[in-house]
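Here is a walk through one model, chain by chain. Have the structure open next to the text and follow along.

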Amino acid sequence: MRTLRLGVIGAGRMGITHYSIINSHPKVKICSIADPSVMVTSLMGKYLEGLETFKDYNKMLKKVDLDAVLVCTPPGLHHEIIKQCAALNLHVFVEKPFTTSKVEAEELVKLYKDNGLVNQVGYVNRFNDVFIKAKQWIEEGLIGDVIRFKSEMFSCTVIEPVEESGWRSTRENGGGVVFEMASHAIDLVNYLVGKPDKVIGTSLNSIFSKNVEDIVSSTFLYDKGTSGTIYVNWSDESYRKPTNKIEIFGSKGKLLADQHGMKIYLREAKPEMKLSKGWNTIYITDVFKPVPFYVRGNEFTRQLYEFTEAILNDKKSSTCSFSDGLETLDVIDSLFKDSNSNSF
Amino acid sequence: MDSIDKVVFGDNQFFGINHMSQEKAQLLAERFFDIKHIYEVYDHAFECGIKGVMLNSNDRAKEICEHFRSHKKEYEFINWYPSIPYPHKYANMIAEKGIFPTINEVLFKGNTASGVLGMLTKGSAAILGKDAIKLMKMLVDIEMKMFKGLNVKVVFLQNIVVDLILGFEVKEVFIEYCEHVRKKYGAIPGLITQNMPHLVSKLKEWGIEEVVVCGSFNKIGYLMSPDLTTYEDFAKSNDSSKYQLMAMSTLASGAIRPKDAFEFIGSQNIQSVVFGASSYKHIKETTEILSSTL
């Protein structure tokens with residue numbers, strides 16, 4: 001089988017993590033990286049043999065012959081970069097939140113629908129062992145029809161006043177808790193329950209950030225009668241590590257899941273699945289599947305291996321495509337509009 | 001290479017870390033909010049014959065080190081196994097500020113040695129950027145400050161750093177780290193990893209020997225990449241005079257009963273186990289099983 005020639009744009013935290021993970025794939029060669037920081041490119045150029053480094057991604061795309069690109073820049077740049085990738089027929093993996101506007105996302109979805117190339121957005125929860133199992137069981141009807149849910153995320157990311165610099169300080173560039181963190185909680189709802197038909201009661205709070213929000217809460221409504229809430233707060237210092245929790249109440253039971261485990265309450269026992277009536281606890285150790293190389297969690301490896309293997313085997317990358325990324329942006333778009341109409 | 005302690009006492013239980021349950025982690029964090037309770041648990045561990053202590057360089061570790069330093073006579077027997085850096089400190093700062101502003105802040109804030117101050121100008125930051133090795137050594141020294149005066153046996157680099165650099169395959173960082181730990185701290189270099197077989201094969205390729213390699217090792221293959229069989233085959237053929245193996249996550253966060261877990265470890269070619277527990281009963285049980293199986 002051929003070797004996949006890969007380029008990386010953006011060497012921030014995610015660019016560096018993805019580089020390390022996918023460099024372990026025997027059929028991938030990382031040919032080039034682009035980042036405006038001289039510090040980064042000079043470091044990488046010095047220690048990584050055979051890697052071409054660029055300050056300007058335009059130059060990299062023009063000069064290096066690539067099959068695929070990992071886009072890990074500030075979100076405000078994603079649209080422009082991916083448009084260029086499409087023109088060059090490159091497969092694209094892009095970090096969440098895909099783009100910063102629904103209209104731009106729609107354009108990219110169309111481009112990649114037409115060219116048939118592999119496209120993926122980095123909503124990594126979809127590759128987490130526990131959430132994969134939760135989805136499977138919900139689809140199999142284990143907890144019956146979904147009636148109500150709450151999707152929550154907490155972290156101690158911003159716990160003191162932030163200097164107003166860089167892309168994180170403006171929403172246009174993809175800053176704020178909605179784009180940076182709640183997008184995960186919203187995507188998890190889309191993945192497990194489906195995309196809401198209406199968004200109401202949104203509120204945004206700023207605590208330490210001046211121009212962007214630190215807390216978001218909102219209510220999602222569905223035509224079929226389901227409803228639920230999201231609450232995301234990245235200024236909660238009682239959480240040592242970022243935590244993603246979802247609770248789903250259904251007609252036959254209830255499911256509580258986070259990245260590390262799941263609790264299920266069932267109204268009736270399911271002996272064939274070894275689940276009892278009442279509470280059942282499923283630990284990550286019961287459902288995990290090992291990955292070839294571990295850097296930051298099985299899900300990070302799994303998502304990039306799915307992307308590269310889809311390209312190498314001429315398949316579609318199906319777990320989190322651009323269309324899925326667009327659905328999350330559509331919800332975010334409704335959420336901001338709702339919040340605007342709610343303000344005093 | 002010096003032999004390491006067969007049983008090393010870990011610290012996750014003190015700092016609100018429980019991979020299985022956030023609720024349990026929180027309860028433990030509350031109990032250990034009063035640091036006296038941490039010292040009590042250490043005393044229980046020493047009573048059970050433990051002499052090795054692994055401690056991550058987090059904020060509370062500073063206070064713990066200070067305690068044992070000021071009671072050094074009573075605790076002369078302890079071999080310390082620091083693990084650096086404290087990843088969450090960096091993770092949060094990186095998320096907020098970016099990687100290089102974080103490094104700048106860590107290096108320069110509160111570390112105003114005159115030699116370091118001179119580098120603060122923009123141009124010299126770029127020069128520092130070109131020399132990752134120098135940067136790495138400075139970061140190691142900052143993290144190691146709190147362990148000064150304690151009997152340090154092994155200095156471990158945390159898996160988040162080891163596995164990231166392993167993915168990049170930058171052998172210079174590993175070579176220089178090991179050299180730095182040996183020379184400056186007179187200790188054995190240690191590497192924590194979730195990719196043990198792959199790491200050791202790379203260390204061999206790069207000619208790095210006499211290292212302690214610590215990684216998850218349990219009978220269900222949890223946090224063992226690529227898989228359990230590869231680990232078992234690797235351990236069987238491993239030369240422990242070059243790479244001493246220390247097993248962590250032996251209970252797979254509680255998924256395996258201690259007796260089964262340690263019988264499995266005892267059947268493998270493993271030199272040492274690091275475990276954490278917070279009750280006297282668990283510590284005693286674990287050390288007893290370990291001394292009969294290892």
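Strand 2 (residues 52-56) and strand 3 (residues 79-84) of chain B run parallel to each other and are paired over five bridges. One place to look is B:Gly52, whose bridge partner in strand 3 of chain B is B:Asn79. Keep in mind that the model is a predicted one.

Zoom out from that pair and the barrel of chain B comes into view: eight strands close up in the order 1-2-3-4-5-6-7-8, with parallel pairing. On average, and with direction ignored, neighbouring strands of this sheet are turned by 25 degrees against each other.

Helix 11 (residues 196-205) of chain B lies across strand 5, strand 6 (211-216) and strand 7 (243-248) of chain B. Against strand 6 of chain B, helix 11 runs at about 160 degrees.

Now for some backbone details in the loops.

|---|---|---|
| B:Ile84 to B:Pro85 | about -10 degrees | between strand 3 and helix 4 (87-97) of chain B |
| B:Ser225 to B:Pro226 | near 5 degrees | between strand 6 and helix 12 (228-237) of chain B |

Positive phi values turn up in residues other than glycine, too. B:Ser249 has phi near 45 degrees, and its place is the loop between strand 7 and helix 13 (258-266) of chain B. Is B:Ser249 buried or exposed? B:Ser249 is buried, because 23 other C-beta atoms lie within 10 Å, and 20 or more is what that label takes.

Over in chain A, A:Lys274 has phi near 55 degrees. A:Lys274 sits in the loop between strand 13 (261-266) and strand 14 (278-283) of chain A. With 8 C-beta neighbours inside 10 Å, A:Lys274 counts as exposed, since the cut-off for that is 12 or fewer.

Staying with chain A, take a look at a pair of helices. Helix 7 (residues 177-192) and helix 10 (residues 322-342) of chain A have axes that come within 9 Å and cross at roughly 115 degrees. The crossing of helix 7 of chain A with helix 10 of chain A is right-handed. On the helix 7 side of chain A, the contact is made by A:Val178, A:Ser183, A:Ile186, A:Asp187 and A:Asn190. Helix 10 of chain A brings A:Glu327, A:Thr328, A:Val331, A:Ile332 and A:Leu335. Sorted by class, that contact has five nonpolar, three polar and two charged residues.

Last up is the domain layout. Chain A splits into domain 1 (4-124 + 295-319) and domain 2 (125-291 + 329-342), and the C-alpha centres of these two domains of chain A are 26 Å apart. How many residues are in contact between them? The count is 18 residues of domain 1 of chain A with 19 residues of domain 2 of chain A. On the domain 1 side, helix 5 (102-115) and helix 9 (298-312) of chain A are the elements that give two or more residues. Helix 9 of chain A has the largest share of that side, five residues. By class, the domain 1 side that touches domain 2 of chain A has seven nonpolar, seven polar and four charged residues.

Note on methods: Residues numbered from 1 in each chain as written. Chains lettered and ligands numbered in written order. Predicted model: local features only at pLDDT ≥ 70, side-chain atom pairs only at ≥ 80, totals over all residues. Axes fitted to C-alpha atoms, helices over the stretch in contact; angles between N-to-C directions. Helix = DSSP H or I, 4+ residues; strand = E, 2+ residues; numbered from the N terminus. Left-handed = near helix turned anticlockwise from the far one by under 90°. Contact = placed C-beta atoms within 7 Å. Nonpolar A, V, L, I, M, F, W, Y, C, P; charged D, E, K, R; others polar. Pairing = 2+ DSSP bridges. Domains from an automatic or database assignment.
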